[in-house]
Amino acid sequence: MNKITDILRSMDYGPAPESDEQVRAWLAGKSGGFGHFIGGAFVAASALFDVTNPARGERIARVAQGSESDVAAAVAAARKALPAWSRLSGDARARHLYALARHVQKRERFLAVLESLDNGKPIRESRDIDVPLVARHFYHHAGWASLIADEFPGRRPVGVCGQIIPWNFPLLMLAWKIAPALAAGNTVVLKPAEYTPLTALAFAEICVEAGLPAGVVNIVTGDGTTGAALVAHDGVDKIAFTGSTEVGRAIRQATAGTGKKLSLELGGKSPFVVFEDADLDSAVEGVVDAIWFNQGQVCCAGSRLLAAESIAEKLNAKLRARMINLRVGDPLDKSTDVGAIVAPVQLERIKRLVEAGERDGAHVWRAPGPLPTQGCFYPPTLITEVGPASILAREEIFGPVLTAMTFRTPEEAIALANNTRYGLAASVWTENVNRALEVAARIKAGVVWINSTNLFDAAAGFGGYRESGFGREGGREGLAEYLTSGPPAAKLAATKPTKANATAVSAAPGLAPAPGGDAIDRTAKLYIGGKQTRPDAGASYAALDPKGRSVGLAGLGNRKDIRNAVEAATKAANWGAATAHNRAQVLYYLAENLESRAREFADRIRAQTGVAAREARDEVEIAVRRAFYYAGFADKYDGAIHATKTRFVTLAMNEPWGVMGIIAPVAAPLAGFVSMVLPAIAMGNCVIAIPSAAHPLSATDFYTLLDASDVPAGVVNIVTGETAALAKTLAEHEGVDAVWCFGGGELGALVERASAGNLKATWTRAAPTEWADEQGRDYLRRATQVKNIWTPYGE
Amino acid sequence: MNEASQFEPAGAGHNRKRNAGAPLETSWFEPVGVNASAVERRAASLPARRSVKKEFQAAWLVRAITCIDLTTLAGDDTPGRVVRLCAKARHPLDEDLIEALGLADDPPQVGAVCVYPTMVATAVKALAGSSVPVASVAAGFPTGLTPLKQRLAEIDYAVGEGADEIDIVITRAHVLNRDWNALYDEVSAMREACGQAHLKAILAAGDLRTLRNLYAASMVAMQAGADFIKTSTGKEEVNATLPYSLVMLRALRDYRDFTGFEIGFKPAGGLRSAKDALTWLILMKEELGLNWMQNDLFRIGASAMLTDLERQLSHYVTGRYSANDRHAMA
């Protein structure tokens with residue numbers, strides 16, 4: 001017997017190792033350890049920690065643990081580089097990004113091998129998916145750099161961006177962060193994950209090689225404390241974070257009130273829905289790409305298989321047969337499907353979760369293929385007999401573990417798909433286009449793949465709903481995260497709390513009425529679910545004129561009123577499904593009715609605020625105009641079709657958040673209120689509005705207009721009372737999807753902090769002093785979230 | 001596994017329990033979704049997911065040789081041309097390569113020689129004493145638009161001339177018009193005409209256009225008793241592709257699950273390189289396993305591929321890249 005005849009019997013693949021010689025030589029040259037990359041050069045390495053290859057448990061490098069002063073130095077370098085970089089022409093920045101893309105391509109194999117060595121992912125993935133997407137991202141954003149002036153008129157870079165990325169796609173996440181930031185004219189300080197810093201450091205060398213100006217990209221390595229220092233640093237204008245929901249929440253709290261712009265791309269427990277008419281064999285391959293891609297360490301991994309009960313058994317049988325063929329092993333072997341888990345602590349976590357589920361009665365089936373005897377490996381695993389209540393169906397396992405459940409009807413499929421705190425991605429398999437699009441529209445997720453999964457492209461937006469974070473990466477929507485129109489380096493913290501924010505409201509009687517109060521007593525109530533309701537506490541407070549005289553009583557709302565209002569808003573969700581034309585009609589009607597009562601509204605503004613008659617009339621006019629404007633826009637804020645892959649329609653749909661909280665500014669009691677409420681409802685949101693505490697009566701007058709204008713019950717709910725207390729309850733409420741607060745200062749900080757619970761999106765700013773131009777696309781962009789639906793075609 | 005010899009051509013499907021067919025059952029294929037873009041994605045990523053190198057690659061290339069249906073189906077075929085092809089079929093590899101690969105005790109032969117019916121007698125004679133079977137196209141190859149009676153008579157003729165395997169073509173119109181009864185009856189009649197010879201049903205995937213049609217046609221052909229299903233005549237605009245192959249393999253896997261019968265698969269048309277051979281062997285191994293990597297369940301319809309396989313094996317043995325002229329032509 002010789003080798004050939006032996007192999008002819010087994011027909012094994014045999015070993016097919018990718019050479020790591022070049023990478024090992026490079027690493028050997030860095031045996032003194034890597035310093036941080038600051039201001040265009042590597043600084044001397046100190047406070048080193050080990051970086052290991054998880055497939056073999058061997059140390060492959062040592063990198064520096066970034067301290068507060070390292071972070072400060074990097075931020076200073078980025079700040080120093082900012083003026084020149086942001087003043088460069090778009091074309092000049094495009095050339096730099098283009099050069100980065102080219103250099104990444106020229107080093108593609110080196111980067112792929114380094115990535116697999118450091119992270120443990122199969123070389124097929126780093127070679128065929130990660131690194132090509134990195135180059136694509138830089139090319140795409142080179143294009144944006146040239147186009148920003150035309151495509152985003154009036155916008156400017158945010159400033160210095162602190163970017164913190166995870167270990168699952170180290171270089172790709174770097175590209176997702178750095179490319180748009182640089183295209184928009186920002187400079188960055190990036191902290192790669194503690195486990196996987198090496199491709200970021202190689203990228204730093206590429207920046208030098210490609211001639212990127214010093215300080216535009218700075219890289220500081222380290223663990224979570226380094227990231228925390230970056231988040232806390234005063235000189236950072238924006239934080240972009242990809243990672244766990246837990247850390248995202250901490251960052252939300254830490255940045256609350258600092259004025260730092262924030263985007264979070266967090267965890268997921270994404271559904272993979274298979275209907276009975278689906279191409280089951282293809283769905284099986286989809287599952288492979290969904291949960292056994294990158295060892296399942298993918299934030300958008302399709303980790304919850306939801307299959308129609310009628311085909312579930314067949315599907316599971318096909319899945320098991322397929323799983324037997326998955327090859328777990330050496331990441332550098334070209335025939336490896338599933339590589340190493342990134343670190344022992346992650347492996348332990350996966351084991352612990354699966355064992356906990358197993359004890360609870362879940363049926364665990366692990367693919368029987370051989371596992372390497374050393375290194376961090378876990379077999380592809382299918383878990384059945386598991387309910388939505390199981391820890392395995394709720395917790396993000398972040399490993400090659402799939403939980404399978406069944407459904408009876410499309411309704412139930414959607415309900416199960418949405419039965420999670422997360423909302424990052426979903427995959428829907430059916431041959432019925434009507435069903436596919438309906439389910440895609442109704443699943444709450446930022447990315448939906450129809451008959452496909454885990455597809456990425458620089459031209460498409462990626463990011464989550466709910467606790468999967470906010471903000472998008474990629475495409476037009478992603479670039480917008482790195483642009484701003486506000487004043488440079490404005491910090492909310494710097495704005496003093498206005499007197500009115502702290503308006504003291506008292507339930508006690510005894511204030512003198514303002515003159516002219518001899519008409520029949522009008523009682524302003526709360527407005528909840530289309531009804532004028534008395535406050536739960538049975539209390540009212542006097543709204544005062546500038547001289548301290550009462551101009552009328554308003555309801556003193558409390559926590560329960562907010563709770564009731566959120567319930568009413570949630571029940572009114574059909575508003576979002578109404579045609580845009582229908583919403584426009586309602587808004588026009590509102591404008592009509594407001595105008596017919598213009599005089600009365602102007603008088604009320606005067607009475608409360610003491611402004612001149614002319615100014616009061618102007619304010620009413622602005623409010624009428626605003627209603628016309630958003631009525632006009634209701635059916636014109638279109639989504640887009642992104643140019644991604646061939647034979648895909650990648651729909652970017654603007655969807656309403658759902659339930660929005662609105663905290664209106666103190667001054668301009670009508671224009672401020674209307675300017676915030678109308679864009680929100682024009683896009684299909686239902687709102688709970690907290691009017692100016694000092695001047696609540698314009699908003700309470702307004703509800704009679706809502707009644708008269710066919711605004712459906714629950715679409716607008718109005719709760720008057722003490723702003724801070726109501727705002728806190730509203731911002732904390734887990735049934736609220738987004739909050740706008742134009743109060744600035746401490747109120748904004750309070751809202752941002754309180755929003756961390758369910759990571760609702762927030763828009764906090766100081767109240768504008770001039771309302772005439774406070775309208776436009778930016779309001780609509782913030783009143784919606786973008787869902788990208790990837791729809792393939794072709795037969 | 002064929003224990004007697006690695007390379008002895010066993011005839012298409014001859015090592016297996018022969019397909020007894022099944023009644024026409026449309027529920028086996030009509031509800032089955034075939035999503036073209038998902039199939040294409042799987043087909044595109046599959047070759048990149050596996051790699052076969054060095055001595056493993058050499059062995060796989062030798063295996064590919066044994067799966068080739070060495071084919072000539074041209075208007076200018078002559079007995080002389082067929083005799084030359086048969087000589088190559090007996091000795092697909094140079095002696096020195098066989099020696100170097102350590103295969104002298106059991107040298108490889110190709111899976112079959114595939115010719116037109118009028119060339120069968122020549123091929124049978126030229127292959128006498130070898131165990132290489134003769135396959136004949138028949139039944140109105142390549143379009144199948146001759147009257148059924150004549151097509152059956154053509155099968156009779158080829159079998160009578162000594163063909164071991166008959167590569168029939170189906171009437172594409174039956175598929176395009178979803179006339180499953182007509183398709184079933186046609187293939188059943190052909191199977192009967194084949195007698196002991198094994199029937200390889202050419203589905204002409206490129207003419208059927210949609211992958212759903214291809215899946216349905218595969219299933220009907222198997223229900224009607226086909227021993228092999230084959231992608232193409234080589235004369236369609238598009239011939240063997242990975243997506244076509246993948247869909248047909250899924251169909252024959254489903255058929256096995258329904259009936260227990262293992263049906264063979266033959267891609268034909270457009271497979272030219274050693275790289276193609278490896279890609280299709282990977283496909284067979286991944287989708288169906290070891291049984292389908294042997295020539296009683298897997299054939300590659302090709303004429304030019306053999307030379308490339310020889311060149312690659314020569315490179316493995318000598319470390320130098322070889323030139324076509326150094327290998328005997330077919």
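**A dialogue on a predicted two-chain model**

Student: Is helix H26 of chain A mostly covered or mostly open, and how many of its residues are buried?
Tutor: In this predicted model, helix H26 of chain A spans residues 745-754 and is mostly covered. The buried members are A:Leu747, A:Gly748, A:Ala749, A:Leu750, A:Val751, A:Glu752 and A:Ala754. Of the 10 residues in the helix, the buried ones number seven.

Student: Which elements cover the buried residues of H26(A)?
Tutor: The cover includes both helices and strands of chain A. Among the helices are H10 (245-255) and H25 (723-732). Among the strands are S26 (659-663), S29 (738-741) and S30 (761-764).

Student: How does the radius of gyration of chain A stand against that of a compact globule?
Tutor: Along the principal axes, the C-alpha atoms of chain A fill a box of roughly 110 × 60 × 45 Å. A compact globule of 795 residues would have a radius of gyration near 28 Å. Chain A agrees with this, at 28 Å.

Student: What percentage of the residues of chain A count as buried?
Tutor: The secondary structure of chain A comes to 27 helices and 31 strands. Among contacts in chain A with a separation of 6 or more, 75% join residues 24 or more positions apart. Of the 795 residues of the chain, the buried part is 59%.

Student: Which residues are in contact with A:Val687, leaving aside its neighbours within four places in sequence?
Tutor: A:Val687 is one of the core residues that touch the most other members. Its contacts beyond those sequence neighbours include A:Ala569, A:Met660, A:Ile662 and A:Val677.

Student: What is the strand order of the open sheet of 10 strands in chain A?
Tutor: The pairing in this sheet is mixed. Strand S13 (363-366) and strand S24 (640-642) stand at the edges; each has a single partner strand, so one side of each is left without a neighbour in the sheet. From one strand to the next, the twist averages 25°. The order is S13-S14-S15-S12-S11-S16-S17-S31-S25-S24.

Student: What angle does the direction of helix H11 of chain A make with that of S12(A)?
Tutor: Within the sheet, strands S14 (residues 381-384) and S15 (residues 401-407) of chain A pair in the parallel sense over three bridges, and A:Thr381 has A:Val401 as its bridge partner in S15(A). Helix H11 (residues 280-291) of chain A packs on the sheet, touching S11 (270-274), S12 (302-308), S15 and S16 (425-429). Its direction makes with that of S12(A) an angle of about 160°.

Student: Why does A:Asn451 count as buried?
Tutor: A:Asn451 lies in the loop between strand S17 (447-450) and strand S18 (469-470) of chain A. It has a positive phi of about 50° although it is not a glycine. Most residues other than glycine have a negative phi. A:Asn451 counts as buried because the number of C-beta neighbours inside 10 Å is 25.

Student: Does A:Ala47 count as buried or partly exposed?
Tutor: A:Ala47 is in the loop between strand S2 (41-42) and strand S3 (48-53) of chain A, with a positive phi near 45°. Because A:Ala47 has 13 C-beta neighbours inside 10 Å, it counts as partly exposed.

Student: Which element gives the largest share of the side of chain B that touches chain A?
Tutor: The contact takes 32 residues from chain B and 32 residues from chain A. On the side of chain B, the elements giving two or more residues are helices H1 (36-49), H2 (54-66) and H12 (274-287). The residues of that side divide into 15 nonpolar, seven polar and 10 charged. The largest share, eight residues, comes from H1(B).

Methods:
Residues numbered from 1 in each chain as written. Chains lettered and ligands numbered in written order. Predicted model: local features only at pLDDT ≥ 70, side-chain atom pairs only at ≥ 80, totals over all residues. Core = buried A, V, L, I, M, F, W, Y, C linked by C-beta atoms within 7 Å. Buried ≥ 20, exposed ≤ 12 C-beta atoms within 10 Å, placed from the backbone. Contact = placed C-beta atoms within 7 Å. Helix = DSSP H or I, 4+ residues; strand = E, 2+ residues; numbered from the N terminus. Nonpolar A, V, L, I, M, F, W, Y, C, P; charged D, E, K, R; others polar. Rg over C-alpha atoms; globule rule 2.2 N^0.38 Å. Pairing = 2+ DSSP bridges. Axes fitted to C-alpha atoms, helices over the stretch in contact; angles between N-to-C directions.
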